[in-house]
Amino acid sequence: MHSLHALFHANGVDYSIIAIYFVFVIGVGFILKNRVRTGEDFFLSGRSIPGWITGLAFLSANLGALEIMGMTASGAEYGWMTTHFYWIGAIPAMLFLGLYMMPFYYVSKVRSVPEYLKLRFNEATRGVNAVSFAVMTVLTSGISLYSMALIFQVLIGWSLTISILVSAVVVLVYVTLGGLTSSIYNEVVQFFLIWAGLLPIPLIGMHQLGGWNGMMNRLPAGFGHLWSNLGSPSNNPMGIGWLGVVLGLGFVLSFGYWTTDFLVVQRTLAARNLRAAQNTPIYAAFFKMIVPILVIIPGLIALAVFPKIGHTSGMSYNLALPLLISKYYPPGMMGLGLTAMLASFMSGMAGNITAFTTVWTYDIYQAYMHKDASDKHYISMGRWAVLGGVVISIGTAYFAAGFPSVMDYMQTLFSFFNAPLFGTFLLGMFWKRTTAWGGFWGLISGIVGAFLLYYLVPAHVFSSPDAGNFWRAWWAWVITVVITVLVSLITKRKSEEELKGIVFGLSNRPNYTGFPWYKRPGYLAAIAFIILVVLNIIFW
């Protein structure tokens, strides 16, 4: 842990703003407590939430520590290229989820991603995914706690333990009371609070540096471009070429996360109908494209203002955002900035905890320990799982501290678990010949292959941690696909009757003829894709 002295002394106004925020989010939990009557209410919000709310929650649950602190750190380390994580590394996958995968998830009425794997493949495949997802979820939840603790330690001198416990207890209370509904409505509030609290940083910073061009004049050459320096890995700070970005990030890591990670998929399952569920990730894609304003530009500003960041002891890239808050925010406004950071970390952590709770209760506890209990019993188990998930997350917060960049840590986890899972899903949904045991052994092989690549291939083989994560994800996906195909060719396939409604070609496509264009997923996705192309050309 860092041993910096506090950069700022918060006053009564700052602490009052933070206290009001805590009271509000816990109050939401108390208000919604009486609406939780069934397991579907607690774990899936009764499948009754409008699409625009689930869309904001879909994005907010992902706007946690990774986005706010990790991406700002990466912006300072790699420059504008980090925006690839938001555009090619997110938008195509989000649109694909809405257009092609949501009909399978929603119409099959599954309660979780592992439960879909049970329908498509078998119980063993579900078990592997449930356990691996539970492990990954509590590890990533620890990132939120560690990042939040680092902010408060550096800015106002709170100890690591106090910072972790305060935020963990608040999340524990409101998720335990109101379940997923409480988490979703708090995530919507947190989304707007994050923007209100952090938007002044890029506005003030850009103004003082003389706009975009003034900022670029103070940064290394190439830090303001997306693609023009990707011809060779040696030409850019990320140390990777365009092929690695397209295959590793744009295809495997992106699609692996946005289409199969239950943290985000769970928000779509809470939507009140199939069209709302399809529009959930598409609505979120429009907002996702502007998030770099909030995180990447502050990273560039941090490098321009603190040129020794990342190269001096005690000034890691992870401190980019805390240093800017300390520099630009006067007393009183600091409370708003800190509350925005808290909102970010809590939305990320609550998202992980609600997903962990559902998978633990339905895909591990009910599947392997207590099959025929009452609905009331599973709600009770869900609430105990919230407590267990929070306690484990407190422990895993210390693992995150061992990585120089929390973003690198996160991408490493994704390459272990999400990349192989995407291979399994892609074949399972779009190739009817994929068999149950093909899916199982492909998934196992991909996860094991990712671990072996991480521990056996020296880090110096890759020119940067991101390059290592991109290529490791790609090869883990290749291993999964090859093994799945080979095993499927020699094992028994399921009948078309068993696959009806859960694979492409044996399902009825939704028809939205008669709806206005702004309510139809296809039209909205096309508009989002055109905007994405234009943005990439502008910042080429």
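So, how much space lies in the largest cavity? About 150 Å³. Quick caveat: this is a predicted model, where local features need pLDDT of at least 70, side-chain atom pairs count only at pLDDT 80 or more, and totals for chains, interfaces and linings use all residues. Residues are numbered from 1 along each chain as its sequence is written, and side-chain values use heavy atoms, with hydrogens and water left out.

By cavity I mean a set of points on a 1 Å grid over the protein atoms alone where a 1.4 Å probe fits but cannot get out; a pocket is an open set with protein on both sides within 12 Å along at least five of seven lines, and lining residues have an atom within 4 Å of a point. Volume is the space filled by probe spheres set on the points, joined across faces, edges and corners.

The largest cavity has 15 lining residues, with Phe85, Gly89, Trp258, Gln411 and Phe414 nearest its centre. Helix H11 (242–260) gives the most, five residues. Helices here are DSSP runs (H or I, at least four residues), numbered from the N terminus.

Now the second largest pocket, at about 190 Å³. Twelve residues line that pocket, and the closest to its centre are Leu139, Tyr409, Leu413, Phe416 and Tyr455. Helices H7 (123–156), H18 (406–430) and H19 (436–456) each give two or more residues to the lining, and H18 has the largest share, with five.
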